[in-house]
Amino acid sequence: MNWQWFVSADYAQARFVVQHLLALTYLLAFLTAVTQFRPLLGEHGLTPVPRFLAAAGFRRAPSLFHLHYSDRFFAAVAWLGTAVSAAVLAGAADVLPLWTSMAVWALLWVLYLSIVNIGQVWYSFGWESLLLEAGFLAIFLGPAHLPPPMPVLWLMCWLLFRVEFGAGLIKMRGDSCWRDLTALYYHHETQPMPGPLSRRFHRLPRPLHRIEVAANHFTQLVVPFGLFAPQPVASVAAVVVVATQLWLVLSGNFAWLNLVTITLAFAAMGPQVLGGLPVPLPDSPAPVWWLALVLVLTATMVALSYAPVRNMLGRRQVMNRSFNKLHLGNTYGAFGSITRTRYEVVVEGRDGDSQWREYDFKGKPGDPMRRPPQVAPYHLRLDWLMWFCAISPGYGRGWLPRFLEALLRNDRHVLKLLRRNPFPQSPPTEVRARFFHYRFTTARERRETGAWWIRNPVGEYVPPMSLNDLAP
């Protein structure tokens with residue numbers, strides 16, 4: 001069998017960029033786990049892993065932690081993933097023998113899959129499955145001394161197609177504001193985690209907002225087909241995707257969703273774009289057993305694509321769903337509906353009869369005088385869930401009471417998730433949560449007050465509570 005069509009040294013630069021950006025994303029993901037797992041998922045966390053493991057078997061949630069769980073073991077897994085991804089980012093996997101390189105990438109995938117599958121509500125975001133699916137494909141890309149297998153790069157383009165086209169379809173089928181091009185009248189202000197420039201984007205002229213939405217539809221519904229066209233059309237399509245994703249990076253904080261999407265776009269870029277990148281050219285022939293394994297992978301992923309394709313073509317399309325517990329062959333999409341008004345849950349405490357003092361979160365809006373920070377590609381999981389709580393109290397039913405209890409105890413692990421603790425010496429005697437309406441200041445309000453937000457109280461979210469209220 002002639003395997004020459006199967007590999008192409010012309011895409012060595014594309015593989016190099018894809019692998020190193022994926023390693024960077026893995027590094028961020030594992031560091032997020034290191035810094036946030038104990039208060040969120042630890043033995044005494046808001047949704048403890050041991051309780052979840054007792055109710056979920058291995059088939060429901062494949063994970064190394066079914067073999068053993070302790071906070072120390074979780075930390076070891078997260079730190080191992082951090083160390084391995086850092087080594088891969090530094091180029092360690094590029095020079096390894098094929099089987100060793102594959103084993104390293106497989107180790108990263110298994111470690112992160114083990115975390116995601118026991119991460120519960122904190123790991124229910126689409127970019128977790130996106131990283132796992134891209135990371136699984138990366139296992140088969142091979143080290144630098146072998147020519148990259150084209151079917152794996154095509155599968156990455158197919159993954160990118162599902163991300164973009166699925167997101168475009170869900171918008172057109174969902175909220176009418178996407179169809180009448182008014183979605184960005186609201187989105188920059190009401191998105192989960194505004195960034196430093198979000199207010200400027202929100203204050204752009206409305207005709208420009210309509211152009212932005214139209215351009216988004218073109219990028220997500222038309223451009224993805226160009227990824228499978230001959231060069232240089234595929235490279236042009238990929239560059240358009242990258243440019244659009246960088247625009248999204250500037251306008252908001254979406255964890256590593258944009259980073260992984262940009263990573264996948266490089267899989268479609270040929271030497272016309274990346275030819276000047278100083279990457280060593282492959283100098284070894286590809287083993288037949290590896291190419292046969294790639295064929296098996298390709299057939300498997302084609303078969304797994306049936307469910308997401310059916311979902312995209314169906315009338316009741318859903319967003320961000322995994323059809324299997326390995327998070328392979330997923331469906332993607334975001335913001336099928338747009339909230340028109342921003343509400344925030346503001347948590348406060350007081351000591352005795354003293355004045356109520358507000359807890360500051362690291363990323364989500366709170367103090368109206370504070371400029372929204374740049375957080376992405378790092379992921380603040382608690383802050384994101386607080387945004388969902390503002391949409392519906394049901395999102396916090398399983399963990400918000402435990403969070404408030406932790407504040408009443410000045411739990412040092414939970415407090416590390418916050419920007420500032422207003423009770424550094426002793427815990428508050430009472431805490432509460434209030435509901436506020438937020439909007440960006442106008443140019444005049446910004447000049448006169450220096451504020452980024454105008455907020456007004458709407459009502460009570462959680463009434464004042466003390467430890468006595470929690471007593472059995």
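This is a predicted model: local features need pLDDT of at least 70, side-chain atom pairs count only at pLDDT 80 or more; totals for chains, interfaces and linings use all residues.

Colleague: How many residues of α5 are buried?

Modeller: A residue is called buried when its relative accessible area is under 20%. In α5, 13 of the 13 residues are buried, and the helix is mostly covered. In α12, the buried residues include Ala234, Ala237, Val241 and Ser251.

Colleague: Let us turn to a single residue. Is His209 buried or exposed?

Modeller: His209 has a relative accessible area of 1%, and therefore it is buried. His209 belongs to helix α10, residues 206–221. Setting aside neighbours within four places in sequence, its contacts are Leu181, Leu184, Tyr185, His188, Phe201, His202 and Leu204. A polar atom of the His209 side chain lies 3.2 Å from the backbone oxygen of His202.

Colleague: Where is Gln317 found?

Modeller: Gln317 is in the loop between α16 and β1. Gln317 is buried because its relative accessible area is 10%, which is under the 20% cut-off. The Gln317 side chain reaches the backbone oxygen of Gly166 at 3.0 Å, and it also reaches the backbone nitrogen of Ile170 at 3.4 Å. Beyond residues up to four places away in sequence, Gln317 touches several others, among them Leu169, Arg173 and Tyr332.

Colleague: How should I read a salt bridge, and how many are found in the whole structure?

Modeller: Side chains of opposite charge can pair when their charged atoms come close. A search of the whole structure finds 15 salt bridges. One of them joins the side chains of Glu133 and Arg162, at 2.6 Å from N to O. Glu133 lies in helix α5 and Arg162 in helix α6, so this pair ties together parts that are 29 residues apart in sequence. Glu133 counts as buried at 0% relative accessibility, and Arg162 counts as buried at 2%.

Colleague: Which strands hold Arg350 and Glu430?

Modeller: The side chains of Arg350 and Glu430 meet in a salt bridge of 2.8 Å, N to O. Arg350 lies in strand β1 and Glu430 in strand β5, so the pair ties together parts that are 80 residues apart in sequence. Arg350 is partly exposed, with a relative accessible area of 23%, and Glu430 counts as partly exposed at 21%.

Colleague: What does the salt bridge between Arg455 and Glu358 tie together?

Modeller: The side chains of Arg455 and Glu358 meet at 2.9 Å, N to O. Arg455 lies in strand β6 and Glu358 in strand β2, so the pair ties together parts that are 97 residues apart in sequence. At 22% relative accessibility Arg455 counts as partly exposed, whereas Glu358 is buried at 14%.

Colleague: Which residues form the nonpolar patch on the surface?

Modeller: The patch is formed by Trp99, Trp289, Leu293 and Val296, with about 460 Å² of accessible area together. Helix α15, residues 288–304, gives the most to the patch, with 3 residues. Val296 is placed in this helix.

Colleague: What is phi of Phe335 near?

Modeller: Phi of Phe335 is near 55°, a positive value in a residue other than glycine. Phe335 lies in the loop between α16 and β1. Asn410, with phi near 50°, is in the loop between α18 and α19.

Terms used
Residues are numbered from 1 along each chain as its sequence is written. Side-chain values use heavy atoms; hydrogens and water are left out. Helices (H or I, at least four residues) and strands (E, at least two) are DSSP runs, numbered from the N terminus. Buried means under 20% relative accessible area, exposed over 50%, partly exposed in between (1.4 Å probe, protein chains only). A polar contact is a pair of N or O atoms within 3.5 Å; within protein, one must be able to donate a hydrogen and the other to accept it, and residues adjacent in sequence count only if both atoms are side-chain atoms. Contact means heavy atoms within 4.5 Å. Patches are made of residues with over 30% relative accessible area and no salt bridge: like charges are joined within 9 Å, nonpolar side chains (Val, Leu, Ile, Met, Phe, Trp, Tyr) within 5 Å. Accessible areas come from the Shrake-Rupley method with a 1.4 Å probe; for residues, only the protein chains shown count as cover. A salt bridge is a side-chain nitrogen of Lys or Arg within 4 Å of a carboxyl oxygen of Asp or Glu.
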